[in-house]
Amino acid sequence: MEEVLREIYCALDQVLRKGAYINIVFSGEFKHRSAVTFVVKGVVENYFSLKYALETLAPRGVKPALKPLLMAAMFMLKHGEIPGYAVVNETVAFAGKKFGSGVKGFVNAVLKKYPTLPEPEGIQKREAELNAPEFIIEALEKDGVDPKTVLRPPASDLVHFRLGRKGKTEDLSGLETLTRSEAGGWFSMPDTRLKELNASGKITFISPSSMECVNAFGDINGKKYLDVCAAPGGKSVYAAEKGAEVTAADLYPHRVKLIEAYADRMGVKLNALQNDALCRRQEWLNAFDCVAVDAPCMGLGVISYRPDVTINKRPGDVETIVPVQKAILSEAAEYVAPGGRLVYSTCSVLKAETEEVIKDFLKKHGDFSIYSYKNNTDFGRLIMPDGKWDGFFICVTEKKK
Ligand SMILES: C[S@@+](CC[C@H](N)C(=O)[O-])C[C@H]1O[C@@H](n2cnc3c(N)ncnc32)[C@H](O)[C@@H]1O
């Protein structure tokens with residue numbers, strides 16, 4: 001069991017302490033993949049319940065490096081198939097080897113007391129049930145949204161993907177529950193064949209909500225298209241496949257490489273480059289028919305496949321990110337040619353990041369007006385996560401001719 005614990009600990013430590021995305025961590029190599037997935041996903045999905053447990057059982061605090069191990073062991077005690085005594089003994093032994101024998105008594109005491117822990121109450125109960133910090137729950141409530149719809153979205157067995165240029169409808173024959181999505185992609189049950197088709201660029205997994213961010217521009221064939229926050233490239237590559245002449249920019253050079261690799265895999269050409277969307281680029285002024293701002297955001301719409309989204313958030317994060325979203329949108333507006341379109345999207349549904357950003361934008365940019373693409377609010381289309389669709393906000397604006 002020591003080897004399994006080591007893999008679980010390393011994966012969980014990356015997510016909990018180093019802020020790595022759970023889906024990226026899972027794309028690594030694991031000898032004990034099913035155990036790692038079960039425990040790491042389980043801990044992340046029950047993070048606030050386990051956080052309450054640690055705070056109650058060890059009120060004087062726990063060394064940060066020990067937390068992933070204790071949380072993994074507590075999750076296994078409650079949900080795993082290994083007998084409790086074995087989980088405790090193996091975890092204590094592992095802790096001794098990794099952190100020195102001085103921690104063994106502490107680890108043993110915490111794990112032995114865990115089964116007798118009283119249920120949380122009040123705020124801690126809400127945080128545990130919704131697996132999110134209170135400030136996020138309150139922000140959703142303030143917006144008139146039932147926090148459960150966003151923080152505990154229903155699960156779906158189906159996956160969504162679209163055909164790439166190399167793929168044909170025949171490649172999909174025999175897939176279980178194959179149906180078209182409104183966005184132009186397909187839903188089906190997961191299948192190992194899909195993984196192969198994805199690796200060869202015949203299909204690509206993408207949320208229908210993401211596709212709609214590009215569909216919202218209308219016909220983009222032959223148009224000059226700029227994506228100022230493009231990595232890892234889902235929307236830019238789709239836009240290139242729809243015939244646009246795409247410039248795909250991102251702040252981080254290592255993320256620009258992801259766009260290039262994605263475009264290569266799908267067999268499309270685009271111009272990927274490093275660029276800070278907050279710094280004006282003279283040669284781009286009024287130069288693009290379509291400009292996409294898929295802004296960095298709180299990510300609350302994608303919890304169904306990124307359950308880690310809520311665990312590293314701090315009060316003040318919304319107040320920090322909103323001015324960045326406003327500034328990126330404002331700069332991007334300068335690159336839209338007269339008569340062109342600007343699409344602002346977020347995989348988040350908080351009003352502060354969505355309609356408040358647009359209200360502010362329209363106030364400062366009298367040359368832009370809202371264009372309705374399936375709008376269900378005054379400011380754009382708000383998609384609530386439902387297991388099949390990610391939560392998204394999409395706003396299309398048009399620049400005066
Ligand atoms: C929501 S993600 C974009 C997802 C992408 N549009 C897709 O469909 O694959 C936001 C991106 O904005 C980038 N970003 C953040 N700040 C930026 C800035 N100042 N300039 C350019 N890109 C930035 C991040 O690196 C991240 O890749």
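This is a predicted model: local features need pLDDT of at least 70, side-chain atom pairs count only at pLDDT 80 or more; totals for chains, interfaces and linings use all residues.
Residues are numbered from 1 along each chain as its sequence is written. Local features need pLDDT of at least 70, side-chain atom pairs count only at pLDDT 80 or more, and totals for chains, interfaces and linings use all residues, while side-chain values use heavy atoms, with hydrogens and water left out.

Strand β1 (residues 159–163) runs antiparallel to β3 (residues 186–188), to which 3 bridges join it; strands are DSSP runs of E of at least two residues, helices are runs of H or I of at least four, both numbered from the N terminus, and two strands pair if DSSP finds at least two bridges between them. F161 has W186 of β3 as its bridge partner. Strand β4 (residues 203–205) is likewise antiparallel to β1 and is joined to β1 by 3 bridges, with R162 partnered by T204.

The whole structure contains 2 cavities of 30 Å³ or more. A cavity is a set of points, on a 1 Å grid over the protein atoms alone, where a 1.4 Å probe fits but cannot get out, and lining residues have an atom within 4 Å of a point. The largest cavity holds about 50 Å³ of space, and β8 (288–294) contributes the most to its lining, with 3 residues. Residues lining the largest cavity include F217, Y225, D227 and K235.

Key:
On a 1 Å grid over the protein atoms alone, a cavity is a set of points where a 1.4 Å probe fits but cannot get out, and a pocket is an open set with protein on both sides within 12 Å along at least five of seven lines; lining residues have an atom within 4 Å of a point. Grid points are joined across faces, edges and corners, and a volume is the space filled by probe spheres set on the points.
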